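Here is a short report to read alongside the sequence and the 3D view. Please take a look at the structure, then follow the notes below.

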Amino acid sequence: MQAELKMKLKLALAGRADVEMGQFQFLNLAELKARAGDSWQPLRAKIYDVSAHFIEKRLDPDDVVFRCQGGFLIIFSQLTGDSAAVRVGEILDELSAFFLGDRALNALKMVAESRTVSPEEFLDIIARAQPQDLPVPPAPGPDQAGAARDVAGWREAGPESSPAPATRRWTEPGARTPSIPWDEIVFKPCWDARRNSVTHHLCVARRIVNGWPAYGRDTFPAINSRPLNRLLDHSVAKAAQRGFQRLHAEGASCGIIIPVHYDTISSLSERMQYFAILQAVPVPIRRHFLLRIDAIPDGAPVGQMHELFRSMMPFGAQIIARLPYGVSDLRRFDGCGVGAFGTEIPYRLGEGEVATATVQAVLGLVTAAQSLKAETFLTQIENASLLGASVSAGVRLFSGDLIGPDADRPAPLRALEFNEIVHRTIPPDDEAHIVRI
């Protein structure tokens, strides 16, 4: 960090117990760089110069802005809480409107957030963000540039000593971490009622507990570890890509649903770590991936929620919001761009005759989703009567033991008629009594 930046930072942090910061992050600079070719350097300068102009004109005299790798950091001198969030939102709206009106930059994606951190946390953030006030170094040679594009944001997935060839788009993840609590990551087939086909596979971690499978965060129910939660979501995202890559290499294809928990991506810094994994997927391939957001808090700020969903759209064909069973009030999702709403059928409701209350709950979700022009997705389907009632209600996607068993890799898209499903015999070891996906 240059001496002038150090002095600005020292003055901004002097005597403060907390720091109200704003952060702006560009999402797809690598994609724009590949499109721009030899015109990248002036285009990059324009992105940063225009952004700095819009940010600085909205700042108070004592606010401090730092240009960093991939974006900007701000220290607000007076604003706190909601007022800081409003200011960041105003800047983001102005920038987005400008870039949309510029032919060369209308594909640029960016996200922003404000939050309160300690001075120590801010120093750690700014150290990792690599503040800059000097011209960028010369671009690497063609071979280096190609390799960098291919593994950008994905270096942690493979050993540093064995980089992938420049022509390879993805790299294999490293060996399994010995301390992880799940046994494996599996793919659950998903049936599309409209197409009468298994079109997607839901990728989830699984652990066998007392002879029964547990899924996702239920693989470690007694542990409340945010780093472990993030590791779970990151591991699933990598395994999902690896599974599709193997299928694609054989000339086949299917859709993959990648779940991620809201708290893994609620802060911008953690979201960017997750996006670095998704960024590894070549843009033309992303149409095969759906992203499902799990455990969305009831009290999640609407502005944060909308911004989070919008920021994920470049990485998949559709966003799915997973909700608790029985929820049918979806008004807070209006304008989020959610393409489907999902819920899990509690195990106790999947046995025997389908209760009227269960059908009404499913129908309520379908009706609310349709009002937002969205589809519905039910998991934990084990009952043919419930499947039939849900299809009649308008549910589009289904997964569960009735649809098919877990697999260690996704299978190609295949036709599957309703009658084939309801007459399928579920083997005893294919049943699941502890399922939360």
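## Cysteines

There are zero disulfides in this structure, a disulfide being a pair of cysteine sulfur atoms within 2.5 Å. C254 takes part in none, and its nearest cysteine sulfur, on C190, lies 9.5 Å away. C254 is buried at 4% relative accessible area, and C336 is buried too, at 0%. Here buried means under 20% relative accessible area, exposed over 50% and partly exposed in between, with a 1.4 Å probe and protein chains only.

## About the model

This is a predicted model, in which local features need pLDDT of at least 70 and side-chain atom pairs count only at pLDDT 80 or more, while totals for chains, interfaces and linings use all residues. Residues are numbered from 1 along each chain as its sequence is written, and side-chain values use heavy atoms, leaving out hydrogens and water.

## The sheet

Four strands make an open, antiparallel sheet in the order β2-β3-β1-β4. β2 (64-68) and β4 (110-117) are the edge strands, each with a single partner, so one side of each has no neighbour in the sheet. From one strand to the next, the twist averages 15°.

Strands (E, at least two residues) and helices (H or I, at least four) are DSSP runs numbered from the N terminus, and two strands pair if DSSP finds at least two bridges between them. β2 pairs with β3 (residues 71-76) through five bridges, in the antiparallel sense. V64 has I75 in β3 as its bridge partner.

## The helix across it

Helix α4 (residues 81-100) lies across β1 (19-26), β3 and β4, and runs at about 165° to β4. Axes are lines fitted to C-alpha atoms, for helices over the stretch in contact (heavy atoms within 4.5 Å), and angles run from 0 to 180 degrees between N-to-C directions.
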